[in-house]
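Please look over the sequence and the fold displayed below. The paragraphs that follow lead from a single residue to the chain as a whole.

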Amino acid sequence: MLKLARTFILGAGLCAAAATAALAAEGTSPPLKDGDWSFEGVFGTYDSAQLRRGFQVYQGVCSACHGLRQVSYRNLLQIGLSEAQAKQIAGEKTKKVIDDTGDVVDKPRGLADRFASPFPNDQAAKAANNGALPPDLSLITKARLGGPRYLYSLLIGYVSNEECTKAFKDFEGKPLKPADGQYCNAYFPGHILAMAPPITADGQVEYTGENAPKATVQQMAKDVSAFLMWAAEPKMEERKRLGIKVILFLLLLTGVLYGIYRKVWAGIKH
């Protein structure tokens, strides 16, 4: 029993130390930047043009390391891509299937297929990224505190090693210094991460479409954050519309019930 109690106390102490370290690291982070997105608020809706630009950024920058396995190619029709465009994008990737003779062959993906992973397995992904496993981005805005604001801030929040050493300290009060293959980011918990800055220069992605804004680093980061918000919540607009209808119905029902109450109890003294 005594040994069990000691183990419990030691575990609690380690958890407390880890929590203190995390709080200390987070305490030095600046406030998250606001992207001023169209989907914010009760009546917010997605900007389909921005979602298409964000998909361009994902496809041209992020898809080399990060998958989107919860999204199907047919979902691209929801953001304004034509069926032919979605089929072309899907057909650029292949999948393993068994043909009529029992052989395993490569077949182009179709609209019903999920987005192809950039790596065949987690081990290959780690080997290509200095031992770090790039997370799947399907639900990343739901898995990170701050959602799209966090992603937007992270993408534009990289600082040099010199700035990192001057601005940030670990929980022991020592200056942070990224090791080889590591990078410093003002918004990442702990500030040290293995992902190199993905968006590094204006015009890194060439935007297509009418009235497209200039593809600055900030604009590309904002657009891909909006796209990943849509990937995590593609039915957000429907949910908001349903919520508004329910609230209006409840308000109307409350008025009707109050009128019935007044009618029933009109001749009775209270």
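Is Ser153 buried or exposed? Ser153 is buried, because its relative accessible area is 0%, where buried means under 20% relative accessible area, exposed over 50%, and partly exposed in between, with a 1.4 Å probe and protein chains only. This residue sits in helix α6, which covers residues 148-155. Helices (H or I, at least four residues) and strands (E, at least two) are DSSP runs, numbered from the N terminus. When neighbours within four places in sequence are set aside, Ser153 is in contact with Leu32, Lys33 and Tyr187; contact means heavy atoms within 4.5 Å.

A word on the model is in order. It is predicted: local features need pLDDT of at least 70, side-chain atom pairs count only at pLDDT 80 or more, and totals for chains, interfaces and linings use all residues. Residues are numbered from 1 along each chain as its sequence is written, and side-chain values use heavy atoms, with hydrogens and water left out.

The chain contains nine helices and five strands. Read from the N terminus, its elements follow the order α-α-α-β-β-α-α-α-β-α-β-β-α-α. Of the 270 residues in the chain, 32% are buried. Among contacts between residues at least 6 apart in sequence, 62% join residues at least 24 apart.

The strands may be taken next. Strand β1 (residues 94-98) and strand β2 (residues 104-108) run antiparallel and are joined by five bridges; two strands pair if DSSP finds at least two bridges between them. Within this pairing, Val97 stands opposite Val105 in β2. The two strands form a hairpin with five residues between them, and Gly102 takes a positive phi near 90° there.

An open sheet of three strands has the order β3-β4-β5, with antiparallel pairing. In this sheet β3 (158-159) and β5 stand at the edges, each with a single partner strand, so one side of each is left without a neighbour in the sheet. Strand β4 (residues 183-185) is joined to β5 by two bridges, and Cys184 stands opposite Ile192 in β5.

In soluble globular proteins, nonpolar side chains tend to be buried together. A nonpolar core is here a set of buried Ala, Val, Leu, Ile, Met, Phe, Trp, Tyr and Cys residues joined through side-chain atoms within 4.5 Å. The largest such core has 45 residues, and those with the most contacts inside it are Phe55, Tyr58, Leu68 and Leu76. The elements that give two or more residues to this core are α2 (48-60), α3 (83-91), α6 and α8 (217-232). Helix α8 gives the most to this core, with 10 residues. Beyond its neighbours within four places in sequence, Phe55 is in contact with Leu76, Ile79, Leu81, Ile89, Phe115 and Phe227. Apart from this core lies another, of six residues, among them Phe168, Leu176, Ala186 and Tyr187.

Helix α8 also holds Met229. This residue counts as buried because its relative accessibility is 10%. Leaving aside neighbours within four places in sequence, Met229 is in contact with Phe39, Tyr46, Thr141 and Pro148. Met229 and Leu137 are 92 residues apart in sequence, while their C-alpha atoms are 9.6 Å apart in space.

How much space lies in the largest pocket? The largest pocket has about 640 Å³ of space. On a 1 Å grid over the protein atoms alone, a pocket is an open set of points where a 1.4 Å probe fits, with protein on both sides within 12 Å along at least five of seven lines, and lining residues have an atom within 4 Å of a point. Grid points are joined across faces, edges and corners, and a volume is the space filled by probe spheres set on the points. Of the 26 residues that line the largest pocket, the closest to its centre are His66, Pro134, Pro135, Leu193 and Met195. Helices α6 and α8 each supply at least two residues of this lining, and α6 gives the most, with four residues.

Two loop residues complete the tour. Asp36, in the loop between α1 (2-27) and α2, has a positive phi of about 55° although it is not a glycine. Asp36 is exposed, with a relative accessible area of 64%. Asn211, in the loop between β5 (192-193) and α8, has a positive phi of about 60° and is likewise not a glycine. Asn211 is exposed, with a relative accessible area of 76%.
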